[in-house]
Amino acid sequence: MTDPGDGPVGRATRRRAPAVPRQRAGEDSAAARTDGRAAPGSAARAGSATRARSAAHGRARRGASRRRARPARRGRRILRTAAISLSLLLMVTAGAGWWFYEHLNGNLHSVPLTDGTASDSAGKEKADSFGRTPINILVMGSDGRTSASDCKLGGGCSQTGVQSGSGNADVEMVLHISADRSDATVMSIPRDTVTSVPACKNSATGTSTAGYTGMVNSALQYGPACQVATVHQLTGIPIDHFVQLDFSGVVKMSDAVGGVSACVDANVYDTYSHLKLAKGTHTLKGVAALEFVRSRHGFGDGSDLGRTYAQHIFLSSMIRKFKSAGTLTNPAAVYKLADAATKALTVDTGLGTVKKLVGLATDLDKVPAEHITFATMQTAPDPNNSDRVVAAPAARSLFATIADDQSLTGASGRTSAGATATATASAVPAARIAVTVENGTGISGRASAVAGALIDRGFSSGTTTGNAPGGAATTTLTYGTGKKAQAQTVARALGLSSSHLEQGTGSGLTLVIGTDWTSGTGFPGGHPGAPADTKAATANAHSQTADESKSCAKVSTYRTVSLNGVAMTPSQAYAAAPGRKNSAP
């Protein structure tokens, strides 16, 4: 049987038919007619069926529309969920970052640079012609036993227990980073150096001094600012910041970087610092690292000089490790290092935040290892005490080189006028050079100011002053026959380029200051330096650069240690103590 409305709509309607009971046999219906005409009332019934089919079709379309809408709504829900998840992730990450930052800041302990000293006790840097200034940092290692861990590491607390105060600065290094961040110098000051300590007061302990003559390291007893003032007074180098570590700090830092490689040229056993190593290269961690940097009887002649040389080898290796691939790119390693460093350090308030320490680290990281020079201040025996030393006259050249921001590597890459003027200059000692300085500016005192600066930098006290015959627009340095090398030495010290040098008919050197140089003791736009020959500044300073990876600490050949009451060399002590475990494999 077929429905009277059979067709496309009928087929659609018929698919819904199973929901409608089938007609029983014998019932009256239009389908029962066979004459092809509609039964009475069938038109009305057909209209009703058509309307029903239209309504059903509309419902079907709306159902399909709803079915199509569901995936879009699901997509929007997924996007909202992702956005919320990302926001939560960012909040957690930012919160962790903020906690990390605040945690590191909370680790730091800071003290004002001139705390308890005169306001100008640290000196002040001079900017170069581009407005850039170098950075000088006094790095101190304290021997204070002010905690249980330091007592255990350093010993000496059996009678006193944990001690108070700052201790002595057994390690003192001036770290200089050039104004253009192209090179750096690390100068060690031996702890046995006798010098003048200025008036100071330790605000933490209340102890004070009116000033005295004594060992340079003792100034730390009156606070780190007193140590800064003492070093500035000794060297004339402006000190911008300080960093202080204790015994525990050295242990934590060496552990944080995974150990530091160091070499000794013979078997060594320092019975005082307890360092015991076989000949060769070792990775020093924790206590072993502390024993190495503290050992003074194991290296050199058994004095503090040998210790500074070994420390330079250790620090050079640490710098190379910092710069090596992967050391500072591993987040876990960086966190461990940052946490250890901030817990280990006491700094001046100018470095008292993580942001500032990161800035300092960034500046130092710009300097290639081959442009980082280590040197030890030249010393001479103290005439009043054979166990002490004083700064040697040669140290003045080293101090001036650092204060004047001159590279000791001779390969800083600078293109300053001062460096250009002396690229081929012969090594003429400044002390043998006298200059006649004449004022052509019309400004009173210019000749005296420049002449005084030359004498302060080690030039001959025979340097004289006077007025030029007339005004001069351009500064010139005129030299006589055979005096070109001396002129170049003077030019380097003042920052003059070669265009200011002229050969004359006289026998000496005459500097006429023109109106292109109306102030200061360094020529504008130049880069005044210390004596031209950097060998003079580093003579007997045991200098080396941080890229020298094959350097080994020289084990003392003197009887500098004692074992069971018998004096012997560190190598003999090593052989005599087979039962004592080595500090490192």
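In what order do the eight strands of the open sheet with mixed pairing run? The order is E1-E14-E9-E2-E3-E4-E15-E23. Keep in mind that this is a predicted model.

**The eight-stranded sheet**

Strand E1 (109-111) and strand E23 (544-545) are the edge strands, and each pairs on one side only. E1 pairs with strand E14 (residues 345-348) in the parallel sense, over three bridges.

Helix H4 (residues 224-235) lies across E1, strand E2 (135-142), E3, strand E4 (184-188) and strand E9 (241-245). H4 runs at about 125° to E2. Helix H9 (residues 354-365) lies across E2, E3, E4 and E14. Its angle to E3 is about 65°.

**The five-stranded sheet**

Another open sheet has five strands, in the order E19-E18-E22-E20-E21. Its pairing is mixed. The edges are strand E19 (464-467) and strand E21 (501-503), each pairing on one side only. From one strand to the next, the twist averages 25°. Strand E18 (residues 436-439) and E19 run parallel and are joined by four bridges. Thr436 has Thr464 in E19 as its bridge partner.

Two helices pack on this sheet. Helix H12 (residues 446-456) touches E18, E19 and strand E22 (509-513). Helix H13 (residues 484-494) touches strand E20 (476-479), E21 and E22.

| Helix | Reference strand | Angle |
|---|---|---|
| H4 (residues 224-235) | E2 | about 125° |
| H9 (residues 354-365) | E3 | about 65° |
| H12 (residues 446-456) | E18 | about 155° |
| H13 (residues 484-494) | E20 | about 160° |

**Two mostly covered helices**

How many residues of helix H5 (residues 247-256) are buried? Eight of its 10 residues are, and H5 is mostly covered. Among the buried ones are Phe247, Val250, Val251 and Met253. Ser248 and Ser254 are also buried. Just after H5, Gly258 takes a positive phi of about 80°.

Helix H10 (residues 395-403) is mostly covered as well, with seven of its nine residues buried. Its buried residues include Leu398, Phe399 and Ile402. Ser397 and Thr401 are on that list too. Just after H10 comes Asp405, with a positive phi of about 60°.

**A loop residue**

Ala539 sits in the loop between helix H14 (534-538) and E23. Is Ala539 buried, partly exposed or exposed? Its relative accessible area is 31%, so Ala539 is partly exposed. Ala539 and Ala394 are 145 residues apart along the chain, yet their C-alpha atoms are separated by 7.6 Å.

**The cavity**

Searching the whole structure turns up one cavity of 30 Å³ or more. The largest cavity has a volume of about 40 Å³.

Which residues line the largest cavity? They are Asp170, Val171, Glu172, Met173, Ser188, Ile189, Arg191, Asp304, Arg307, Thr308 and Gln311. Strand E3 (169-177) and helix H7 (304-323) are the elements that give two or more residues to this lining. By type, the lining residues of the largest cavity divide into three nonpolar, three polar and five charged.

Notes. Residues are numbered from 1 along each chain as its sequence is written. This is a predicted model: local features need pLDDT of at least 70, side-chain atom pairs count only at pLDDT 80 or more; totals for chains, interfaces and linings use all residues. Side-chain values use heavy atoms; hydrogens and water are left out. Buried means under 20% relative accessible area, exposed over 50%, partly exposed in between (1.4 Å probe, protein chains only). On a 1 Å grid over the protein atoms alone, a cavity is a set of points where a 1.4 Å probe fits but cannot get out, and a pocket is an open set with protein on both sides within 12 Å along at least five of seven lines; lining residues have an atom within 4 Å of a point. Grid points are joined across faces, edges and corners, and a volume is the space filled by probe spheres set on the points. Ala, Val, Leu, Ile, Met, Phe, Trp, Tyr, Cys and Pro count as nonpolar, Asp, Glu, Lys and Arg as charged, and the others, Gly among them, as polar. Two strands pair if DSSP finds at least two bridges between them. Contact means heavy atoms within 4.5 Å. Axes are lines fitted to C-alpha atoms, for helices over the stretch in contact, and angles run from 0 to 180 degrees between N-to-C directions.
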